[in-house]
Amino acid sequence: MTSVGPVATRCGLTAEYDLVIFDLDGVIYLIDRPVDGAVEAVDRLLRMGLPVAYATNNASRRAADVAGLLSGMGVPATAEQVLTSAGATASVLAEQYGPGAKVLVVGAQALRDEVSAAGLSLVGGADDKPAVVVQGYGPQVGWSDLAEASVAIRAGADWVATNTDRTLPSGRGPLPGNGSLVAALRTALDRDPDQIVGKPAPGLFVTAARRSESERPLVVGDRLDTDIEGANRAGMASLLVLTGISDASELLSAPPARRPTYVAADLSGLFDPEAARPIVASGAAAGSTWQVHGDDDGGLVLDGAGGTALDALRLLCRTAWQGEAGAVIRAASGDAGSALAELGLG
C-alpha cells in the first residue's frame, strides 16, 4: 500500500475543491492494473489532506472487494470510501419493495450478495414469481439468464438495471458492458427498464459528498455519458480524463448535459494550473497563439503555435459548442497538425 509521506501543497484543481470523487474503470485502473500515474496521483492527494471517494457503475464487486483491489494496487481505500451501483441498487430495492421481497438477479455474485444483505429474498427463476428483476454486469451472464429474466418481466415483474454502460474499458479496447446486456433484453421485451440506479443518475455522487460533508466536490471520470452527465445532474464540477472511453472527438460533439468543466490527459491534470482552466473560459493560455475558426465547408480550422494540445482542444470545444462549425477539423500550421495528431483528431 502506498504510504502517505510529507504534506504536499495544494495546487491546480486541488486548491479549488474539498473532495475528489473518482470513477474507477478507465480512471484509476483498467480491469486489474492501475492506469499510469493513478497511484501517484492519489498518494499526492492524500498527502495534501484532500479526501477522496470512489464511485463505480461496475456491479460485479462489493465495496469491500473494490477497496481490497485498490489497496492491492497501491491505492489506499476503505469500503466506506467506495460506492458501487450494486450496493446502491440493493438499497433502492430494499426501500421500494421491503424486507423479504422476491428478487431475480441477473449479474455477478457480488450483486446477489448485496441484494441478500439488504434483506431481500433471492429466487432462482421466473417460476418463483419475483417482484423485480435486477440486472447488473457479470462476465458469466448468458442467454439462459436473459431468457429467464425476459419471462419474469413479461409475467409482471419490475425491471431494474444497476447501470447502462454500453462498454467497459480494457487494455484491449472497449468491451461489452451491462448496457449491452440490457440492450439485448430491451430488444426482446420492446421496452426500457423501469429504473436505472447507477450513473448518470446523481445518487452515487450525492452520497459520496454527503458522507464526506463536502461543499465543493470534484468528479473525475472518463465517460461523458455516465460520469460527466452524472456530475452535471448532481450540480458538481467535473474533470474528464482521456485515459478511458471518451476521447477528444466525442468531447467536441458532446451535448450540453455531457460537457465537463475541465479536461486533462490523465490524473496529473489535477495538479496542473493549465488544466484548472475551465473549458468555457475565454481565450488561449498564456504563451499560446492557437486560433480556431470555421471554414467554408462547415468545419473547424486550428491555426497558430506555442500552446499545448489540450489548450487547443479547449478552444476547439468552445467553438464547436457554440454551434459555429461541424465535426471536420483541419490544421492550418505544422504545430496545429501535431496538436491534432496528439489528440487523435488528425
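Q: How far apart are the axes of helix α3 and helix α4, and at what angle do they cross?
A: The axes of helix α3 (residues 85-97) and helix α4 (residues 109-117) come within 8 Å and cross at roughly 35°. An axis is a line fitted to C-alpha atoms, for helices over the stretch in contact, and angles run from 0 to 180 degrees between N-to-C directions. This is a predicted model, in which local features need pLDDT of at least 70 and side-chain atom pairs count only at pLDDT 80 or more, while totals for chains, interfaces and linings use all residues. Residues are numbered from 1 along each chain as its sequence is written, and side-chain values use heavy atoms, with hydrogens and water left out.

Q: Which residues of α3 meet α4?
A: From α3, Ala86, Gly87, Ala90 and Leu93 meet Leu111, Glu114 and Val115 of α4, where contact means heavy atoms within 4.5 Å. These residues divide into five nonpolar, one polar and one charged. Ala, Val, Leu, Ile, Met, Phe, Trp, Tyr, Cys and Pro count as nonpolar, Asp, Glu, Lys and Arg as charged, and the others, Gly among them, as polar.

Q: Why are α5 and α6 called oblique to each other?
A: The axes of α5 (residues 143-154) and α6 (residues 178-189) come within 10 Å and cross at roughly 45°. Angles under 35 degrees count as roughly parallel, over 145 as roughly antiparallel, 65 to 115 as roughly perpendicular and the rest as oblique. The two helices are therefore oblique to each other.

Q: Which residues bring α5 and α6 into contact?
A: Leu146, Ala149, Ser150, Ile153 and Arg154 in α5 meet Leu181, Ala184, Leu185, Ala188 and Leu189 in α6. The residues of this contact comprise eight nonpolar, one polar and one charged.

Q: What lines the largest cavity?
A: It is lined by 14 residues, among them Asp23, Asp25, Asn57, Asp165 and Arg223, which lie nearest its centre. The elements that give two or more residues to this lining are β10 (167-168) and α8 (224-233). The lining residues divide into two nonpolar, five polar and seven charged.

Q: How do you know that the peptide bond from Lys199 to Pro200 is cis or trans?
A: The omega of this bond is near 20°, and the bond is cis.

Conventions
Helix = DSSP H or I, 4+ residues; strand = E, 2+ residues; numbered from the N terminus. 1 Å grid on protein atoms, 1.4 Å probe; cavity = no way out; pocket = protein on both sides within 12 Å on 5 of 7 lines; lining within 4 Å.
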